[in-house]
Amino acid sequence: MDFLYWALIIAAFVIAFAGLIYPIIPSVVFIVGGFLLYGLFYGFDEFGYTFWIVEGIFVAVLFAADYVTNLIGIKKVGGSKAAIWGSTIGLLVGPFAIPIAGILIGPFIGAVIAELIVHKKDFTTSVKVGIGSLIGFISGVFAKSVIQLIMIGYFLFVVL
């Protein structure tokens with residue numbers, strides 16, 4: 001049974017990393033789900049207050065990283081709140097509209113369209129904002145990958 005239990009826990013963590021590519025998948029839910037599965041299968045004795053506080057801080061940092069990296073990428077090149085919203089919508093729609101490449105193209109196109117339509121900016125400026133959005137998104141994926149690895153590493157440190 002240990003093999004099955006660990007397979008389910010690892011599957012939850014793998015799905016969490018898939019959430020980096022498909023943002024519709026709530027990565028945090030699957031990471032915490034992996035912790036809870038371990039607790040259900042083996043008991044919650046190893047998880048003290050410190051564990052939950054540390055992991056809770058990382059959860060907050062994960063949410064902040066996603067927002068802040070996109071915000072910095074767009075604001076650094078003069079983008080607006082409309083570009084942030086357009087980028088977010090593009091991020092959610094892109095992977096489904098254009099499989100694989102949509103994860104990169106979606107936020108870019110969303111930010112560009114938002115700047116063109118809402119703020120009537122010229123095409124060159126809008127593309128610059130789109131590139132800022134793309135850089136912000138890629139930075140966010142990298143940051144969230146590192147944070148998720150740290151969360152799982154800390155979990156393994158505690159339970160093994």
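## Overall architecture

Of the contacts in the protein between residues at least 6 apart in sequence, 65% join residues at least 24 apart. The model under discussion is predicted. The protein contains six helices and zero strands, and its pattern along the sequence reads α-α-α-α-α-α.

The C-alpha trace spans about 60 × 30 × 20 Å along the principal axes of the protein. Of its 160 residues, 37% count as buried.

## Packing of α1 and α2

Helix α1 covers residues 2-21 and helix α2 covers residues 27-42. The axes of these two helices, α1 and α2, come within 7 Å and cross at roughly 170 degrees. An angle over 145 degrees counts as roughly antiparallel, and α1 and α2 are therefore roughly antiparallel to each other. On the α1 side the contact is made by D2, Y5, W6, L8, I9, A12, F13, I15, A16, G19 and L20. On the α2 side the contributing residues are S27, F30, I31, G34, F35, L37, Y38, F41 and Y42. By residue class, the contact of α1 with α2 divides into 16 nonpolar, three polar and one charged.

Helix α1 also holds A18. With a relative accessible area of 30%, A18 is partly exposed, because that class lies between the limits of under 20% for buried and over 50% for exposed. A18 and E55 are 37 residues apart in sequence, and their C-alpha atoms are 20 Å apart in space.

## The largest pocket

The largest pocket has a volume of about 580 Å³. Its lining comprises 26 residues, of which P23, F63, D66, L91 and K144 are the closest to the pocket centre.

Several helices contribute to this lining: α1, α2, α3 (49-75), α4 (81-97) and α6 (123-159) each supply at least two residues. The lining residues of the largest pocket divide into 15 nonpolar, nine polar and two charged.

G73 is placed in helix α3. Its relative accessibility is 11%, so G73 counts as buried, the limit for that class being under 20%. Leaving aside neighbours within four places in sequence, G73 is in contact with G132, S133 and G136. The C-alpha atoms of G73 and L134 are separated by 7.5 Å, although these residues lie 61 residues apart along the chain.

S87 belongs to helix α4 and counts as buried at 2% relative accessibility. Apart from neighbours within four places in sequence, the contacts of S87 are N70, I74, P107, G110, A111 and S133.

Which residues surround S126 once its neighbours within four places in sequence are left aside? S126 is in contact with V112, E115, L116 and K121. This serine is found in helix α6. S126 is buried, with a relative accessible area of 0%.

Technical notes
Residues are numbered from 1 along each chain as its sequence is written. This is a predicted model: local features need pLDDT of at least 70, side-chain atom pairs count only at pLDDT 80 or more; totals for chains, interfaces and linings use all residues. Side-chain values use heavy atoms; hydrogens and water are left out. On a 1 Å grid over the protein atoms alone, a cavity is a set of points where a 1.4 Å probe fits but cannot get out, and a pocket is an open set with protein on both sides within 12 Å along at least five of seven lines; lining residues have an atom within 4 Å of a point. Grid points are joined across faces, edges and corners, and a volume is the space filled by probe spheres set on the points. Helices (H or I, at least four residues) and strands (E, at least two) are DSSP runs, numbered from the N terminus. Ala, Val, Leu, Ile, Met, Phe, Trp, Tyr, Cys and Pro count as nonpolar, Asp, Glu, Lys and Arg as charged, and the others, Gly among them, as polar. Buried means under 20% relative accessible area, exposed over 50%, partly exposed in between (1.4 Å probe, protein chains only). Contact means heavy atoms within 4.5 Å. Axes are lines fitted to C-alpha atoms, for helices over the stretch in contact, and angles run from 0 to 180 degrees between N-to-C directions. Angles under 35 degrees count as roughly parallel, over 145 as roughly antiparallel, 65 to 115 as roughly perpendicular and the rest as oblique.
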